Amino acid sequence: MFEQAYNDVIQGRFPTAATQTLVRLAALRIQHDVGDYKSGAWIPNLETVYPVKKKVQKEEELDKGYTLKGTLRGLGKGTLRKLKNMESDDPTQKLADEAELQAIKVSVTDQWKKLKGMSREVAQEQYMDVIRSWKGYGSTLFHVEYKQDNRYPKELWLAINKQCVALYKRGDLEPIVSYPYEQILSFGAPVANTYKLIMEGNVVVSVETPKVLEIAKLMKAYINAIVKERRNSELPARR
């Protein structure tokens, strides 16, 4: 869990624009890995503890659309058979200005000095305390574009977790809107690289993303888990 949280931070999937928070997380990670600061110590590779890179994932388009009917309103069999597993990553990176990177290194080093005497276990615990402070902790985030209308910003995160599906303005701590699975009537990709959700009250949300397959599988897994839990809770207790 700690390593996954760390990876999310490095990949820019932890929603904070506060440099101070990211600097503290970086210092805590160094304290966890290296221990106390020693005179003359320096951070040779900031990228290992601080999200200085913004990765853009480019993937092949899916050749066909699909729609899933296996929501909580009626689970079907074999609803993922139509999915096309055609993903290909081509990461590109945009580095921050060199002067800014040096300033961040200085800030992280200063923060690291203040952690003197902190054990590896405490550093990990405090790191996770920061991560858990986000209400969306435990969600998988997908970078999506919203072009349906002017209701929401164009650049969004689609957050999938075991309770709901939510939309975040990228970097924000609070969701713009969230939909429990009980309210979701259908979900899928009617056309390539477009993911569509239909909720109660004829609410429709459509976003553009090459991750339609991954999103659909994740939602399906959470829905199946919810249904299984409900069925188990309805079984008569054994005497």
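**View 1. Asn 202 sits in the loop that links β7 to β8 (203–208).** Welcome to a predicted model, in which local features need pLDDT of at least 70, side-chain atom pairs count only at pLDDT 80 or more, and totals for chains, interfaces and linings use all residues. Residues are numbered from 1 along each chain as its sequence is written, and side-chain values use heavy atoms, with hydrogens and water left out. Helices (DSSP H or I, at least four residues) and strands (E, at least two) are numbered from the N terminus. Asn 202 is not a glycine, yet its phi is positive, at about 60°. Most residues other than glycine have a negative phi. With 67% relative accessibility, Asn 202 counts as exposed; the cut-offs are under 20% relative accessible area for buried, over 50% for exposed and partly exposed in between, using a 1.4 Å probe and protein chains only.

**View 2. Asn 193 lies in the loop between β6 (184–191) and β7 (194–199).** Here is another residue other than glycine with a positive phi, this one near 65°. Is Asn 193 buried or exposed? Asn 193 counts as buried because its relative accessibility is 13%.

**View 3. Helix α1 (2–10) has a buried set of residues.** Phe 2, Ala 5, Tyr 6, Asp 8, Val 9 and Ile 10 are the buried residues in α1. They pack against α2 and α4, where contact means heavy atoms within 4.5 Å. Asn 7, also in α1, counts as partly exposed, since its relative accessibility is 30%. Just after the helix, Gly 12 takes a positive phi of about 80°.

View 4. The crossing is left-handed, meaning that the near helix is turned anticlockwise from the far one by less than a right angle (clockwise would be right-handed). On the α1 side, Phe 2, Glu 3, Tyr 6 and Val 9 make the contact, and on the α2 side Leu 22, Leu 25, Arg 29 and His 32 do. By class, this contact has five nonpolar, one polar and two charged residues; Ala, Val, Leu, Ile, Met, Phe, Trp, Tyr, Cys and Pro count as nonpolar, Asp, Glu, Lys and Arg as charged, and the others, Gly among them, as polar.

**View 5. Helices α2 and α4 pack with their axes 8 Å apart.** Their angle is about 155°, so α2 is roughly antiparallel to α4. This crossing, too, is left-handed. Among the meeting residues are Thr 21, Arg 24, Leu 25 and Leu 28 in α2, with Ala 123, Gln 124, Tyr 127 and Val 130 in α4. The contact has six nonpolar, five polar and four charged residues.

**View 6. The largest nonpolar core holds 35 residues.** A nonpolar core is a set of buried Ala, Val, Leu, Ile, Met, Phe, Trp, Tyr and Cys residues joined through side-chain atoms within 4.5 Å. Which members touch the most others? They are Leu 25, Leu 46, Tyr 50, Val 108 and Tyr 127. Elements giving two or more residues are α1, α2 (19–33), α3 (98–113), α4 (120–132), β3 (155–160) and β4 (164–169), and α2 supplies the largest share, seven residues. Leaving aside residues up to four places away in sequence, Leu 46 touches Val 52, Leu 101, Ile 104, Lys 105 and Val 108. A second, separate core has 27 residues, including Ile 160, Leu 167, Ala 189 and Val 227.

**View 7. Thr 109 lies in helix α3.** Thr 109 is buried, with a relative accessible area of 5%. Beyond residues up to four places away in sequence, Thr 109 touches Tyr 37, Trp 42 and Ile 43.

Methods:
Axes fitted to C-alpha atoms, helices over the stretch in contact; angles between N-to-C directions. Parallel < 35°, antiparallel > 145°, perpendicular 65-115°, else oblique.
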